[in-house]
Amino acid sequence: MARISASVYTSHVPAIGAALDLGKSAEPYWQPVFKGYEFSKQWMKENQPDVIFLVYNDHASAFSLELIPTFAIGCAAEFQPADEGWGPRPVPKVVGHPELAAHIAQSVIQDDFDLTIVNKMDVDHGLTVPLSLMCGQPEAWPCPVIPFAVNVVQYPVPSGRRCYNLGKAIRKAIESFDQDLNVQVWGTGGMSHQLQGPRAGLINKEFDNRVLDRLIADPADLATLPHIDYVREAGSEGIELVMWLIARGAMNDRPPKVRHRFYHVPASNTAVGHLILENV
Ligand code: DHB
Ligand code: FE
């Protein structure tokens, strides 16, 4: 059977992708950001999964105001990097896992979560920047990736509680897949940031670190935080943090092993947060 070995949480700031693609990662501004992922790249090599289930949000690249799925699962055989206005990032195409994705869709939909099934989709920085941070700049990504897109852009957005419970349904789905696969579940986005309006540039280190503490130690309690509190405390785009609860809900019920924790301000307009949790 398939099993979930670990979960990874990380911001997905597009400027980080640009810094890598343009060879600026050693510059003084970016060096401390990438330093926080050195352990992670080594850990990835030593703990290579067979599949990554990658929770992220599309930023009006594949979807638009014409079509707003709350939860969308990528069931295609491959996904191309999206053109977000400057041409697609020069990163490998993403190879999917249609069989596992279809199984998860079947199981999770029968568990009463309405997923949109996506058979053709380009993937934006929300998905490719975490892969770059964790894997560097390889010729091909190390394993298949199932993209799972969450609407945190256009209101109404799903609650933290719904995301946490969805993560549990995803765990059940993965653990009932009849192939011996080591699966990692990643949650991306955050941490505090606001990209527009009078509060643009908002960062809240205290809130972010409390979220990291609660995500590790008491995710069920964190899941009760209403979305308005994310927006008030972490800025309008801080709501991306609800996606981390999907990955956390996919972990088993024992306290996880914290393999890595990193927090840095600033990167572009945001705080960068990162965790690696292993199932015990
Ligand atoms: C930015 C965009 C994002 O989607 C994000 O999660 C963080 C930062 C930005 O444009 O700086
Ligand atoms: Fe984002």
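Biologist: Which residue in E10 is the bridge partner of serine 7?

Modeller: Leucine 277 in E10 is the bridge partner of serine 7. The model is predicted, local features need pLDDT of at least 70, side-chain atom pairs count only at pLDDT 80 or more, and totals for chains, interfaces and linings use all residues. Residues are numbered from 1 along each chain as its sequence is written, chains are lettered from A and ligands numbered from 1 in the order in which they are written, and side-chain values use heavy atoms, with hydrogens and water left out.

Biologist: What makes E1 and E10 a pair?

Modeller: Two strands pair if DSSP finds at least two bridges between them. E1 and E10 are joined by 5 bridges and run antiparallel, so they meet that definition.

Biologist: How many bridges join E1 to E8, and in which sense do they run?

Modeller: E1 and E8 share 7 bridges and run parallel.

Biologist: Why is the pairing of the open sheet called mixed?

Modeller: Strands of a sheet pair through backbone hydrogen bonds, either parallel or antiparallel. This sheet has 8 strands in the order E6-E3-E7-E2-E8-E1-E10-E9. Within it, E1 runs parallel to E8 and antiparallel to E10.

Biologist: What makes E6 and E9 edge strands?

Modeller: Strand E6 (116-118) and strand E9 (257-267) each have a single partner strand, so one side of each has no neighbour in the sheet. From one strand to the next, the twist averages 20 degrees.

Biologist: Which helix lies across E3, and at what angle does it run?

Modeller: Helix H6 (residues 160-175) lies across strand E1 (3-10), E2, strand E3 (71-74), strand E7 (145-150) and E8, and runs at about 30 degrees to E3. Axes are lines fitted to C-alpha atoms, for helices over the stretch in contact, and angles run from 0 to 180 degrees between N-to-C directions. Contact means heavy atoms within 4.5 Å.

Biologist: Why does histidine 12 count as buried?

Modeller: Buried means under 20% relative accessible area, exposed over 50%, and partly exposed in between (1.4 Å probe, protein chains only). Histidine 12 has 3%, so it is buried. Histidine 59 has 23% and is therefore partly exposed. In E1, 7 of its 8 residues are buried.

Biologist: How do you know that His12, His59 and Glu240 coordinate the iron ion (ligand 2)?

Modeller: Donors are N, O and S atoms within 2.8 Å of the metal (3.2 Å for Na, K and Ca); water is not among the atoms, so sites may look incomplete. His12 (NE2), His59 (NE2) and Glu240 (OE) stand at 2.0 to 2.2 Å from the iron ion, so they meet the limit. Their spacing along the chain is H-x46-H-x180-E. Histidine 12 is in the loop between E1 and helix H1 (14-21) and histidine 59 in the loop between E2 and E3, so the pair ties together parts 47 residues apart in sequence.

Biologist: What makes serine 268 a polar contact of ligand 1?

Modeller: A polar contact is a pair of N or O atoms within 3.5 Å; within protein, one must be able to donate a hydrogen and the other to accept it, and residues adjacent in sequence count only if both atoms are side-chain atoms. An N or O atom in the side chain of serine 268 is 3.0 Å from an oxygen atom of ligand 1, so the pair qualifies. The corresponding distance is 2.7 Å for histidine 59 and 3.1 Å for histidine 193.

Biologist: Which sense, cis or trans, has the peptide bond from tyrosine 155 to proline 156?

Modeller: That bond is cis, with omega near 5 degrees. The bond from glycine 190 to methionine 191 is cis too, with omega near -10 degrees.

Definitions and conventions. Helices (H or I, at least four residues) and strands (E, at least two) are DSSP runs, numbered from the N terminus.
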